[in-house]
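Reader: I am new to reading structures. Please pick one part and take me through it closely, then show me what else is worth a look.

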Amino acid sequence: MVASSDSTETRVDGGPDIRDALASAEAAWLAPLRERFQAMLDRGRLPHALLLLGRQGSGQLELGVWLAARLLCDRAADPACGTCHGCRLFLAGTHPDFQYISVESDYTAIRIEQIRELSGILALKSYRGGNKVVLIDPADAMNINSFNALLKTLEEPAGGTFLILTASRLDRLPRTIISRTTRIRMPLPAAADAVTWLERREGGRNWRGLLELANGAPFLALRYAEAGLEAM
């Protein structure tokens, strides 16, 4: 993982802006899921493989980053404290026990080579003696060979290893993958609540129109705004 050279952003290589994702995951309509995950952690019952499933842009990535931060916090704080060594590494995009897997540039799917490399990394001990966390985003961008390579890791995970998969198309996931994960449905906020949240992020945009274009998914509406679709 590599930290961005942009001082206003911290990114894993090819991945999301970690600080922005963490802030976005604090959206009010995601509170029930954050509380659910925390309760699982408190009881030591968090599944080793989670599938965050919902409409594209409904917060799967953001919540996945939030949970990864929580799992890698040295103080096991709720939420992640942001100040311990583990949190500082995560925020810098350089935590050695966090792996982010997505579609690489010049490709249209997550390749089997990426999953094989991941399996090799997960076979090793934790660098820092704590949890190891993988975020595969989006898992429905994997091909059949990648899915098959991932199966062994899902079937026989090493202790302290957590895999977080995001998806918006359940029909693109093999049953063998679905059956080995715990499915978490992502909620969407009411349109008025979503518009209020978006306007707090940045005023002066046609958020109602962008939200409608995004089928009610606020994080996708944000991406549309960044892409300049509002002006089209």
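Predicted model: local features only at pLDDT ≥ 70, side-chain atom pairs only at ≥ 80, totals over all residues.

Author: Strand E2 (residues 98-101) and strand E3 (residues 132-136) pair in the parallel sense. Four bridges join E2 and E3. Take one of them: Phe98 has Val133 in E3 as its bridge partner.

Now stay with E3. Which way do its residues point? Lys132, Val134 and Ile136 point one way, while Val133 and Leu135 point the other way. Residues on both sides are buried. Five of the five residues of E3 are buried, so the strand is largely enclosed by the rest of the structure.

Next, a pair of helices. Two packed helices are described by the angle between their axes and the distance between the axes. For helix H2 (residues 31-43) and H3, the angle is about 30° and the axes are 11 Å apart. Angles under 35 degrees count as roughly parallel, and H2 and H3 are therefore roughly parallel to each other. Their crossing is right-handed. Leu33, Arg34, Phe37, Gln38 and Leu41 in H2 meet Leu63, Trp66, Leu67, Arg70 and Leu71 in H3. By class, this contact has seven nonpolar, one polar and two charged residues.

Which residues of H10 (residues 218-226) are buried? They are Pro218, Phe219, Leu220, Ala221, Leu222 and Ala225. After H10 comes Gly228, with a positive phi near 80°.

How values were computed
Residues numbered from 1 in each chain as written. Heavy atoms only, no water. Buried < 20%, exposed > 50% of the residue type's maximum accessible area, 1.4 Å probe, protein only. Helix = DSSP H or I, 4+ residues; strand = E, 2+ residues; numbered from the N terminus. Axes fitted to C-alpha atoms, helices over the stretch in contact; angles between N-to-C directions. Parallel < 35°, antiparallel > 145°, perpendicular 65-115°, else oblique. Left-handed = near helix turned anticlockwise from the far one by under 90°. Contact = heavy atoms within 4.5 Å. Nonpolar A, V, L, I, M, F, W, Y, C, P; charged D, E, K, R; others polar. Pairing = 2+ DSSP bridges.
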